[in-house]
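Here are some notes to read alongside the model. Have the sequence open and look up each residue as you go.

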Amino acid sequence: MKRRDFITRSIAAGAFTAFGTGNLLAQGSRMNLPYDLVAVMGGEPDAMFDKAIQSLGGMETFVKKGQTVVVKPNIGWDSTPEKAADTNPLLVKQIVKHCLAAGAKKVYVFDYTCDDWKKCYTNSGIEKAVKEAGGEIVPANSERYYHPVKIPNGKNLKDVKEHELILSSDVFINVPVLKHHSGPQLTIAMKNLMGTIWDRSYWHAHNLHQCIADFVTYRKPTLNVVDAYRVMKKNGPRGISVNDTVLMKSLLVSADIVAVDAAAAKLYGIEPSKVNYIRYAAEMGVGRMDLDALNINRIKI
Amino acid sequence: MHFRWLKYSRVFVSLVFLLLFFLMLVDFTGHFPRNIMKGITWIQFIPSFLTFKNLLSFAGIGFLVVILLSLLYGRVYCSTVCPLGIYQDVVSWLRRKLSRRKRIFRFGKPYNVMRYSILILSILVFLAGNILLLNLLDPYSNFGRIVVSLVKPAAAEINNFLAKALASRSIFWLNPVELRAVNPFTLIYPSAILILVTWMSFFHGRLYCNTICPVGTFLGFLSRYSLFKIRIDKVTCDRCGKCSSSCKSQCINIKEKEVDFSRCVGCFNCLSACPSLSIQYRNSWFPKQKEKQDVEMVKTDSSKREFVIKSVAFVAGITGLSKIASAQEKSAGSRKPSVLTELKTHPVSPPGSLSIEHFTEHCTACQLCVSACPSHVLKPSVTEYGILGFMQPHMDYHASYCNYECTVCTEVCPTKAIQPLTVEQKKVTQIGKVHFIRENCIVYTDNTACAACNEHCPTQAVKMVPYKGDLNIPQVDTSICIGCGACEHACPARPYRAIYVDGNTVHQVAEKPKEEKMQEKAPEEFPF
C-alpha cells in the first residue's frame, strides 16, 4: 500500500509541476459579473444557453484565447435524453461551441459514470454532440486518471483522488442536470462534482451531505450551468421511464455553485435550506443561498 | 502429383483462424464482429456438440461437419480450426527455428492406453450428466481460458500504459480498460495447461493432441477409416527420414514405412519434405493394394482411477485455498464494520442461462462471455457452482454489476448454455433476488444518508422509505427485482454488504416496474 501511495503521489506531483498550480486558484467567484445568477425559461436548451451567456457578457468573460476548458456534464447512466437521467446533449453541444468560439485551445468533456462508460457516452447522445461541436470526449473510467489531493477546509472529507483534467484545465464548466435523488434528495451542481473523483463509496459512508459540501471548498467550477429542460421528479437519479419527468424548459447559470443549487431546488419545489448540503455549503461560506439578496436576471422566451 | 500446396493452404488457413480467435478473446473494445465470432465458434467440436444436444438445431451441426471432414480427409480440423492445436504448431515452428539440429522429431510410439482411457472416461462422465472433464480437456475452451485469464490482462495493461502515456500528451486515441481482479485460483488451471501444452509441443510436437485431448483421440479413431490417407510408397521410399523429422505427430515409422494415420493431424509437412515424392495423400477406400489394418480396442485400466483421485485432490486443494482469497476483501467503507454475513445459498448464473442446472450442464467454461461482458461482471467461478462447475462463469457483484440494457453474453455463447434474449426479455429475467440486512446498513449503523443501492437500481426494487428524522432506509420488493446486482455492487458496508443478491436456481420472470405519469405541472413563473 505504501509503495503504491508513493507512486501515485509522485505522479500527482509530476502532474502539478507540469500543469502548474496557479490554475486552481485564479478562477471562480472573484470575477466581476453583471448578475449573480441568470435564469431562463421557455426555450430549447441551446437557445436558452445563448440568452444566458449573452447576458453575462458572452463566453469570452470566462474563457480566454488559448485556454483549455473541461466541461463536466452528468452522464452517469446508460439512458436516453428523453428520460433526463443525463444532461441534455443539445446543451452540452452548445456550451462546447461557445468555448471554442471564444478561442479555447481544447474543450474536454468527461464523467466518471456509474453504468458502463461507453454505453453512457453513446446512449446519452453526449459523445456525438461533443464530437459534432469540435470538443473532445475523454474516458474517466480508470483510477490512473485520478491523483490524490488534500481538502484542507473539509470537515469529513480530508482527501480525494481528483481527475487530472480538473487539475490541469484553465476553465472548469459544471453542467449538471436537475433531478430527484433518493440519497441527498436532489442532485444539481454540487452533487455533480462526485463524478470528478474516484472513491465515491467513502462519501456515502461518511455523511454524504457533509462530504458534498466539503468538496466544494476545494475547487469551485468557473461556471455552473444547470439543465432543467426536462426534470426527473421521482425514481431518481436513474429513473425508470420518461413518465418520471416533467418538461420545465428552464436553465440556470451562475458562477456561484451554492446560489445555482438553491435556485434549482426552489424551481424543483424544495426549500434550499431543507437540502442539507446546500445549507452546509452556505454555512461554510462557499457561496450564497439567500436568493432574495442576489442580483438575478430572469429571462422568459 | 506434388502436394506442396496443401501445406501452404493449411498454414494460411490456420494462421487466419488463430488470429481471429486471438482477437476475439482479447478484444476489450467490444468491436469484434459478432458474425465472425459466431462462425469460428460454430465449428468448434465440443461447443458445437453441446449446442446440438441443447437445441437440436442448425446452430449445433458444426461438429457433424467436423466428423464428415475427418472421415473424408483425416484430422484436418486439428491443424486448421482448433486454436490450441495451431498454437502448438507455432511453438513447434519456433523450436525448429531455434534449434541447430536438423532432425527435430522422430517416430514415437502411441500412448494408446492413456488416450483411449481419457476419451472413454470423458464420455462416461458426460453420460453420467456432468461435463467437467470435457470442459477441462476441450481444446477450444482451454485456449479460451488461457487467452482470457492470462493474455488479456497483460494486453490490457499494455493498452492502459499506452493510453496513459498518450493521454498525458492530450491524445485520447486509446481508452483504458478496468479489468477487475479475478480470484487467483482461477488462474492455476489455465497456467498449468499452458505450461503442459507448451512443454509437450516444444519437445514432442502434437503429443498433447494424441495423448490427452479427447477430441483428438476421437477424430483420430474416425480417421482410421478416412477416405484420403497419407501413405508411404514402399517401393520408391529410400528411408531418408525427412518426412519423419518434419512430422509433429511423430507418427511416421520409417523403419516399417508405415504412417499411423490416427495420430496424423493433417499438417501435410511430410508431403513437402519428401524429396522422392514417396509420401502420398491417397484415396484409401479404393486403393490398388488393400492393406489390412488392425483396429486397436482399448480397455480402461487403473490410470482411470488414478486420474479421478488426482482430479479430486486438485479440486479439493483449490477449495481450501479459495477461502483464504475470499477473506481478503478490502474494506473500503463504513466507519463501523458490518457484522452479519450475507446468506448466499446459490451463485447467480448469467441471464439467458435458464437455470443453474441448464447452465452448468452446457457451459464448457471457454470464457468467451467473460471476455465479451462490457461490465466485467462475469468471472470464472472457483467453487460457486460446486467443484464440478470449476471455471464456469458466475455473476460477481463485488467486481461489477449487470447492465440493464445489455444482452452481450446471451449473444456470444458458443454452446448456447446462455441462450439469446432480447433487451425487453432481459429486463424482466430474474436471475436472483435482492436481500436486505438492515443491521449492516450504514443508515442504521452510522445514522447517515446513503441510498447508493437505490440510486443504482434500474427497476426501483430497492426503495427508500422514511426512517429516523429526515433519514431514509432501503426497502426491497423482490417481485420487480431482476437480480442485476447493482445494489450489492454499490453498497459501501464492509466487510459484509447490507444488500445482496442470492441466485435463483431456476430463472424467473419478474414483474415490470410500475410506471405512473407525473401529474405535476411545470412552474410558469420563476419561484425566486
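1. Let's start with a term you'll need. A polar contact is a pair of N or O atoms within 3.5 Å; within protein, one must be able to donate a hydrogen and the other to accept it, and residues adjacent in sequence count only if both atoms are side-chain atoms. Keep in mind, too, that you're looking at a predicted model.

2. With that in hand, how many residue pairs are in polar contact across the interface of chain A and chain B? The rule finds 21, counting pairs with both residues at pLDDT 80 or more. The interface of chain A and chain B also has 4 salt bridges by the rule. One to look up is A:K233 with B:E520, where the closest N and O atoms are 2.3 Å apart. Side chains of opposite charge can pair when their charged atoms come close.

3. Which elements of chain A touch chain B? Those that each supply at least two residues to that side include the strands β1 (37-41), β3 (106-109) and β12 (296-300) of chain A, as well as the helices α5 (117-123), α9 (200-205) and α11 (257-268) of chain A. β11(A) gives the most, with 5 residues. Sorted by class, the side of chain A that touches chain B has 27 nonpolar, 18 polar and 19 charged residues.

4. Now the overall numbers. The contact draws 64 residues from chain A and 57 residues from chain B. The size of an interface is often given as the accessible area lost when the parts come together. Between chain A and chain B, the buried area is about 4,900 Å², and carbon and sulfur atoms give 54% of that. On chain A's side, the residues that lose the most area to chain B are A:R144, A:H204 and A:I240, which together make up 13% of what that side buries.

5. Next, zoom in on chain B and find helix α1 (residues 4-26) and helix α6 (residues 83-98). At what angle do their axes cross? Roughly 115°, and the axes come within 9 Å. The crossing of α1(B) and α6(B) is left-handed. From α1(B), the contact uses B:R10, B:S14, B:F17, B:L18 and B:F21; from α6(B), B:P83, B:I86, B:Y87, B:D89 and B:V90 take part. By class, that contact of α1(B) with α6(B) has 7 nonpolar, 1 polar and 2 charged residues.

6. A:G236 and A:P237 are joined by a cis peptide bond, with omega about 5°, and A:P237 sits in the loop between β10 (223-232) and β11 of chain A. In chain B, the peptide bond from B:R494 to B:P495 is cis as well, with omega near 0°; look for B:P495 in the loop between α22 (486-490) and β10 (499-509) of chain B. B:K257 isn't a glycine, yet its phi is positive, at about 55°. You'll find B:K257 in the loop between β2 (252-253) and β3 (258-259) of chain B.

Conventions: Residues are numbered from 1 along each chain as its sequence is written. Chains are lettered from A and ligands numbered from 1 in the order in which they are written. This is a predicted model: local features need pLDDT of at least 70, side-chain atom pairs count only at pLDDT 80 or more; totals for chains, interfaces and linings use all residues. Side-chain values use heavy atoms; hydrogens and water are left out. Contact means heavy atoms within 4.5 Å. Buried area is the accessible area (1.4 Å probe) that two parts lose on being put together, summed over both. A salt bridge is a side-chain nitrogen of Lys or Arg within 4 Å of a carboxyl oxygen of Asp or Glu. Helices (H or I, at least four residues) and strands (E, at least two) are DSSP runs, numbered from the N terminus. Ala, Val, Leu, Ile, Met, Phe, Trp, Tyr, Cys and Pro count as nonpolar, Asp, Glu, Lys and Arg as charged, and the others, Gly among them, as polar. Axes are lines fitted to C-alpha atoms, for helices over the stretch in contact, and angles run from 0 to 180 degrees between N-to-C directions. A crossing is left-handed if the near helix is turned anticlockwise from the far one by less than a right angle, and right-handed if clockwise.
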